[in-house]
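Work through the exercises below with the model open beside you. Try each task before you read its solution.

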Amino acid sequence: MSTTTAAVVETGGAEFTLSSVELTEPQAGEIRVRLVAAGLCHTDLGVASGALPFPLPGVLGHEGAGVVEAVGANVSTVAVGDHVLLSFSSCGACGNCRDGHPAYCATWLPLNLIGGARADGTSPVSRGGQPIGGHFFGQSSFAQHAIVDERSAVKVDPDAPLDLLAPLGCGVQTGVGAVWNVLAPKPGQTILITGAGAVGLSAVMAAALTPAAKVIVVDRVPERLDLARELGATHVVNATEVDTAEEIAKITAGAGVDGAVETTGNVGVLRTAIDALAPRGTAVIVGAPAFGTEVPVDVNAMIPGRSIVGLTLGDSETQTLIPVLVDLVRSGRLPIDRLITHYAFEDINTAVSDMVAGTSIKPVLRF
C-alpha cells in the first residue's frame, strides 16, 4: 500500500478536492505510474456531474502521462523507468479485442466508464481504509500516482514531452480516428466537422493530412473557427450568422458531404450533419448527449447508401495509433500544442471552469 494525492469528486456536481488516498500495490497485469501530466476531457466533467453511474467519491482522469515506478506480475510491455502515455483499458481476449478493435471490448463500459473497479470488483484506490471509485479508464490519472492496467499504457521515448502528448490518450485519438479509421477520405472528397473543440479540431488536423479536397468546420465561436482555418479547414461556418444547412449546400454545390464528424452532442446538429450527406456518405457520431436521447432520420433518404456510425475513442488500437500520433506531434505535423493550456494540478477547478466557459480548448494538468 502506498499513499498519494488525488483530485477526488465527492458527490455528483461537486468540485474536485485534493485529498490523500491509498493505492494498492500493482496486481498482475498492472503498473504504478508517477504522473507528469493529465489532460482534462468533457467525459471527466460528465462523470463528475453525476450524469453517469460511476461510484463516488472517486478519482477520474483518463489522459495521463508519466513514468513507470513499479510493475506487477506478468507485465511484459513496459518496465520500471519507462515513460508512458495512458489511454483506455480493454480485456484483450474478446472477439473485438482480438480483431484489433479494443475500443469495442465486450467489457469496455465496466472497465472504463462506469465500473469504478477492476474486473474482480476491487478498487485500487481507497481513503481512510474505505475503497472509493478508481480504475477510471484503467488509470484514474487525476492523482500524483496511479495504478494502471498494462493495456492502458503505451511506451514512448524518454525525451517525449509528456505534458504535450497527454491528450493523445482520448480526445486527440478520437478526432483523428474518426477521420482516419472510419471516414478514410478519398482524393477530392469533402469532410464536414461540427464542433471546434479538442475532438473536432483534432479531426480537422487529421483531415488536413488526407487527400480530402474540402474540410468544412461548423461552430459558434469565431476564434475557434479562425483556429480551424489555421489547422487545415478549407471552409468555416458560423452557425450564429448563417443557416448551416444552406451554407453547406452552397459550399458543396448541392452535392453534399462525403463524411461528417459530429462532436457537439447536440441532436439538432447531428440531424443537420446527417441531412448534409451525399449518397454513400457517412456521419460519425462522437458527441454523446444524455442517455436515451434519440434523433429522427428520414429512412428513404438513407437508402442511397448513406450511413450513420457511432464511435468510441476513434476505434483505435492504441499500441499502433498513439506512437504514430507522437511522431506527428513531434515533427510539427499534428500541432496539438495550439489546443493546449497548462495548469498546475492544484488548479484543476480553474481548468474545469475555463473549459466550461470555452476559454480553454484542452486543459492539461502538470504535476
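Contact means heavy atoms within 4.5 Å. Helices (H or I, at least four residues) and strands (E, at least two) are DSSP runs, numbered from the N terminus. This is a predicted model, where local features need pLDDT of at least 70, side-chain atom pairs count only at pLDDT 80 or more, and totals for chains, interfaces and linings use all residues. Residues are numbered from 1 along each chain as its sequence is written, and side-chain values use heavy atoms, with hydrogens and water left out.

**Exercise 1. Find the buried side of helix α11 and what covers it.**

Solution. 
- Step 1: locate the helix. α11 spans residues 318–330, which is 13 residues. From first C-alpha to last it reaches 18 Å, close to the 18 Å expected at 1.5 Å a residue. The expected span is 1.5 Å times one less than the number of residues.
- Step 2: list the buried residues. Buried means under 20% relative accessible area, exposed over 50%, partly exposed in between (1.4 Å probe, protein chains only). In α11 the buried residues are Thr318, Leu321, Ile322, Leu325, Val326, Leu328 and Val329.
- Step 3: ask why they share a side. They cover an arc of only 165° around the axis, so they sit on the same side of α11. The arc is that of the directions from the helix axis to the C-beta atoms.
- Step 4: The face away from the buried side carries the exposed residues Thr320 and Asp327.
- Step 5: look for the cover. Over the buried residues of α11 lie, among others, β6 (83–86), β10 (153–156), α4 (162–165) and α5 (171–183).

**Exercise 2. Trace the pairing of β14, β15 and β16.**

Solution. 
- Step 1: Strands of a sheet pair through backbone hydrogen bonds, either parallel or antiparallel. Here two strands pair if DSSP finds at least two bridges between them.
- Step 2: take β14 (residues 257–262) and β15 (residues 277–285). They run parallel, joined by five bridges. Glycine 259 has threonine 282 in β15 as its bridge partner.
- Step 3: follow the chain. From β14 it passes through helix α9 (residues 267–275) to β15, a right-handed β-α-β crossover. Right-handed means that, with the strands pointing away from the viewer, the path from the first strand over the helix to the second runs clockwise.
- Step 4: Four bridges pair β15 with β16 in the parallel sense. Valine 284 has valine 309 in β16 as its bridge partner.

**Exercise 3. Which strands stand at the edges of the open five-stranded sheet?**

Solution. 
- Step 1: write down the order. The sheet runs β4-β1-β2-β7-β8, with antiparallel pairing.
- Step 2: read off the ends. β4 (58–59) and β8 (130–131) each have a single partner strand, so one side of each has no neighbour in the sheet.
- Step 3: check one pair. β7 (residues 125–127) and β8 run antiparallel, joined by two bridges. Serine 126 stands opposite proline 131 in β8.

**Exercise 4. Classify two of the five aromatic pairs.**

Solution. 
- Step 1: set the rule. Rings of Phe, Tyr and Trp (its six-membered ring) pair if their centres lie within 6.5 Å; planes under 30 degrees apart count as stacked, over 60 as edge-to-face and the rest as tilted.
- Step 2: take phenylalanine 54 and phenylalanine 136. Their centres are 5.2 Å apart and their planes 80° apart, an edge-to-face pair. These residues are 82 residues apart in the chain. Both are buried.
- Step 3: take phenylalanine 345 and phenylalanine 367. With 4.4 Å centre to centre and 40° between the planes, the pair is tilted. Phenylalanine 345 is buried at 4%, whereas phenylalanine 367 is partly exposed at 32% relative accessibility.
- Step 4: look for a cluster. Phe54, Trp108, Phe136 and Phe137 form one.
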